[in-house]
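Try each task yourself before reading its solution.

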Amino acid sequence: MVQYYWNPTYQNQHVVPPPVTIPSGRPPTQGREESYIENILRLNRGKIGNFHFSFEHGASGTTAKNVRGMVEAAGRDHVILSESGTGHRFLFPMIYFDYAEFDEELRYFNQTP
């Protein structure tokens, strides 16, 4: 026989998370971009480069894809590229991104503290 227990004192109580605090000695980084790849790609929208991607289990046996094109957009988990010449567009998950080569100087974040 299975016994069921009932707790009459239980009420649907809302749990309030503790306030967020910044560790002492560390200035807040609010309003300042961090140097993640997607942020760097976003800063360099419109620039032409070679983008290298690799896949563990690629379709038809290919495990790598190189695209010569322009950064159209970049998000936390993806990048949208348009291929030079054809205008063909690609949406790549960032997990497959290896590296990029650009023909010109890149824009980057201000490095002064």
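The exercises below go from the overall layout to salt bridges, strand pairing and the core.

**Before you start**

This is a predicted model, in which local features need pLDDT of at least 70, side-chain atom pairs count only at pLDDT 80 or more, and totals for chains, interfaces and linings use all residues. Residues are numbered from 1 along each chain as its sequence is written, and side-chain values use heavy atoms, with hydrogens and water left out.

**Exercise 1. Describe the overall layout of the chain.**

Step 1: List the elements. Helices (H or I, at least four residues) and strands (E, at least two) are DSSP runs, numbered from the N terminus. The chain contains one helix and five strands, and their order along the sequence is α-β-β-β-β-β.

Step 2: Look at burial. Buried means under 20% relative accessible area, exposed over 50%, and partly exposed in between (1.4 Å probe, protein chains only). On that scale, 21% of the 113 residues count as buried.

Step 3: Look at contacts (heavy atoms within 4.5 Å). Taking those between residues at least 6 apart in sequence, 51% join residues at least 24 apart.

**Exercise 2. Find the salt bridges and say which parts of the chain each one links.**

Step 1: Apply the criterion, a side-chain nitrogen of Lys or Arg within 4 Å of a carboxyl oxygen of Asp or Glu. The search of the whole structure returns three salt bridges.

Step 2: Take Glu-104 and Lys-47, whose closest N and O atoms are 3.9 Å apart. Glu-104 sits in the segment after β5 (97-102) and Lys-47 in the loop between α1 (37-43) and β1 (48-54), 57 residues apart. Glu-104 is partly exposed at 45% relative accessibility, whereas Lys-47 is buried at 7%.

Step 3: Take Arg-68 and Asp-103, with closest N and O atoms 2.4 Å apart. Arg-68 belongs to strand β2 (residues 64-74) and Asp-103 to the segment after β5, 35 residues apart. Arg-68 is partly exposed at 34%, while Asp-103 is exposed at 55%.

Step 4: Take Glu-72 and Arg-89, which meet at 2.8 Å, N to O. Glu-72 lies in β2 and Arg-89 in β4 (residues 89-93), so this pair ties together parts 17 residues apart in sequence. Glu-72 has a relative accessible area of 27% and is partly exposed; Arg-89, with 54%, is exposed.

**Exercise 3. Which residues touch the most other members of the largest nonpolar core?**

Step 1: Define the set: buried Ala, Val, Leu, Ile, Met, Phe, Trp, Tyr and Cys residues joined through side-chain atoms within 4.5 Å.

Step 2: Read off the residues. Of the 13 residues, Leu-41, Phe-51, Phe-53, Val-71, Val-79, Leu-81 and Phe-92 touch the most other members. Each of β1, β2, β3, β4 and β5 supplies at least two residues, and β2 gives the largest share, three residues.

Step 3: Zoom in on Phe-92. Leaving aside residues up to four places away in sequence, its contacts include Phe-53, Val-67, Val-79 and Leu-81.
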